[in-house]
Number of protein chains: 2
Amino acid sequence: MNQPSYVRIATDLRTRIANGSLPPGTRLPARHQMAEEYGAAEGVVRQATETLVREGLLVSRPGAGTFVRERPQPRQFRRSWYYERRNGSPFARLMEEQGRHGVWEHRSDTMQAPPEVRDRLGLAAPDGGEHDVMCTRYVFRDEGDASPWTVSTSWEPLDLTKGTPIAFPEAGPHGGLGVTHRMAAIGVDVDAWREEVWARPASREEAQQLGIGAGSIVTVIERAYFAGERVVEVCDIIVPAESTRAVYSGPVGEERGHVRP
Amino acid sequence: MNQPSYVRIATDLRTRIANGSLPPGTRLPARHQMAEEYGAAEGVVRQATETLVREGLLVSRPGAGTFVRERPQPRQFRRSWYYERRNGSPFARLMEEQGRHGVWEHRSDTMQAPPEVRDRLGLAAPDGGEHDVMCTRYVFRDEGDASPWTVSTSWEPLDLTKGTPIAFPEAGPHGGLGVTHRMAAIGVDVDAWREEVWARPASREEAQQLGIGAGSIVTVIERAYFAGERVVEVCDIIVPAESTRAVYSGPVGEERGHVRP
DNA sequence: TCGAATTTGTGCGTATGTATC
DNA sequence: GGATACATACGCACAAATTCG
């Protein structure tokens, strides 16, 4: 079975990265040079390196070169159900558990929810152009780390929070605390969560924000928090797929309620 | 802001697919024809269609053409913690809940566990070439559906199951039942599970098995079942990322134990 | 500081092999 | 078997970013 050249080259590079003969940070020879070394055309080498860029093993920077990626310690993004109802920020807590120090930036704006978010929040049809959600964008980082852990976007319905001290998630007396904490402060009892996990190629903007190669893969976690039947928050959590694993765990046993279809 | 041609073409195709003017099953014009229509080179059109193939929107078949993908109903792969400890096969049950009918093929072999599996199962160093795990490969399908939901590979340590009626997961009186059921039959009390979720480009073989385009993305779910501190099964579950979402949900509350780091 | 060399990203055109119809 | 279409491969050119003397 004869493999295409670009697959052979990709495999060769992959093994040389794996066995350490191409350590992180190494700059690969230029395209034309590798083409000569492998006895192949430049386009073929390009296909091979693009493959490894999508796999997260290489990064290319125009004008600079193609580099073996500095692999951050494998990141564990624990998503366990027992997390909330504790003090402090959930992300800060997650990082502390791994001996890291979490920091983040955010920006909150009111807006009219786009149709897809509307649907997830169970909002009625829009009333003219009126703003009906608080949208907050986050970038979460480990203080010592160059590239962020995740970029996230959260939406909360204004009919719940407008005029309350928690309307802005990161401001006021409960600023920066978890959703369940903040909601409890206005008498909303968050009793369940639900997350849908999938993956897709990163957009150009996401790849840049997360410091990953163009076209590489992001894991998408779509979270919802519930108070009874009411959805009180939804959030899109975007993480680089090749360096971060979402970890779920729990007991084996009978159904105990609090599960959303 | 001037975008590259292949991005423009990809965006154009994406919107035409989204708004229904290129319905599922449509065959796109041949590359050389599209190149003429867009006033671009063939290579550029190829870049554009390859992008959409990776996104799961197109499939190309050599000699036949490039087609808008028949989008299966969005698949929900529920992974909730309360699933087990019920009668029947977990997959059959999952499908029933969605009004489908699950079927599957399998093949079991004893083998010596590869290092990575060894590590996950907590096995000691290999003893010569002796077989120490039962490896079972599955293909799970919806009876009415062309492409499988998932291909999975399960490993169970033989020092637990060898010589017992459950040594072959799909044979004997407990064949086809869930891991917790089968283990209970030999007195092993499975009390916790843990899943790591991430994603990567599909291998050629996986893409073919799952009926997705070359280079498109698979979600990987690495599952472990625990009996106390002992890992009694590990399983790699591979699903097409663009059509399947892993769904986790649970209550909000305090830690209740049964969680594995 | 600036300019020259280098490198990637993008684009063009062509040719051949192989699968499909 | 012939026509068609994609996969692979070759080679070239230019713009933009980066590097380095």
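Author: The following account takes the surface around each DNA strand in turn and then the helix pairs.

This is a predicted model, in which local features need pLDDT of at least 70 and side-chain atom pairs count only at pLDDT 80 or more, whereas totals for chains, interfaces and linings use all residues. Residues are numbered from 1 along each chain as its sequence is written, chains are lettered from A and ligands numbered from 1 in the order in which they are written, and side-chain values use heavy atoms, with hydrogens and water left out.

DNA strand C has 23 residues around it, of which A:Arg27, A:Arg204, B:Ser5, B:Ala41 and B:Val44 come nearest. A residue is near a strand if one of its heavy atoms lies within 4 Å of it. Among the atoms of DNA strand C that come within 4 Å of the protein, 75% belong to sugar and phosphate. By class, the surface near DNA strand C has 10 nonpolar, 7 polar and 6 charged residues. Here Ala, Val, Leu, Ile, Met, Phe, Trp, Tyr, Cys and Pro count as nonpolar, Asp, Glu, Lys and Arg as charged, and the others, Gly among them, as polar. At least two residues of this surface come from each of α2 (31-38), β1 (58-61) and β2 (65-68) of chain A and α1 (5-18) of chain B. These elements are DSSP runs numbered from the N terminus: helices are H or I of at least four residues, and strands are E of at least two.

A side-chain N or O atom of A:Arg204 is 2.9 Å from a phosphate oxygen. At A:Gly63, a backbone N or O atom lies 3.2 Å from a base oxygen. At B:Pro62, a backbone N or O atom lies 3.5 Å from a sugar or linking oxygen.

DNA strand D likewise has 23 residues around it, and A:Ser5, A:Ala41, A:Val44, B:Arg27 and B:Arg204 come nearest. Sugar or phosphate holds 81% of the atoms of DNA strand D within 4 Å of the protein, and bases hold the rest. The surface near DNA strand D divides into 10 nonpolar, 7 polar and 6 charged residues. Two or more residues of the surface near DNA strand D are given by each of α1 of chain A and α2 (31-38), β1 (58-61) and β2 (65-68) of chain B.

In chain A, the axes of helix α1 (residues 5-18) and helix α3 (residues 42-54) come within 8 Å and cross at roughly 45 degrees. α1(A) is therefore oblique to α3(A).

Axes are lines fitted to C-alpha atoms, for helices over the stretch in contact, and angles run from 0 to 180 degrees between N-to-C directions. The contact includes B:Ser5 of α1(B) and B:Val44 of α3(B).

Note on methods. Angles under 35 degrees count as roughly parallel, over 145 as roughly antiparallel, 65 to 115 as roughly perpendicular and the rest as oblique. A polar contact is a pair of N or O atoms within 3.5 Å; within protein, one must be able to donate a hydrogen and the other to accept it, and residues adjacent in sequence count only if both atoms are side-chain atoms. Contact means heavy atoms within 4.5 Å.
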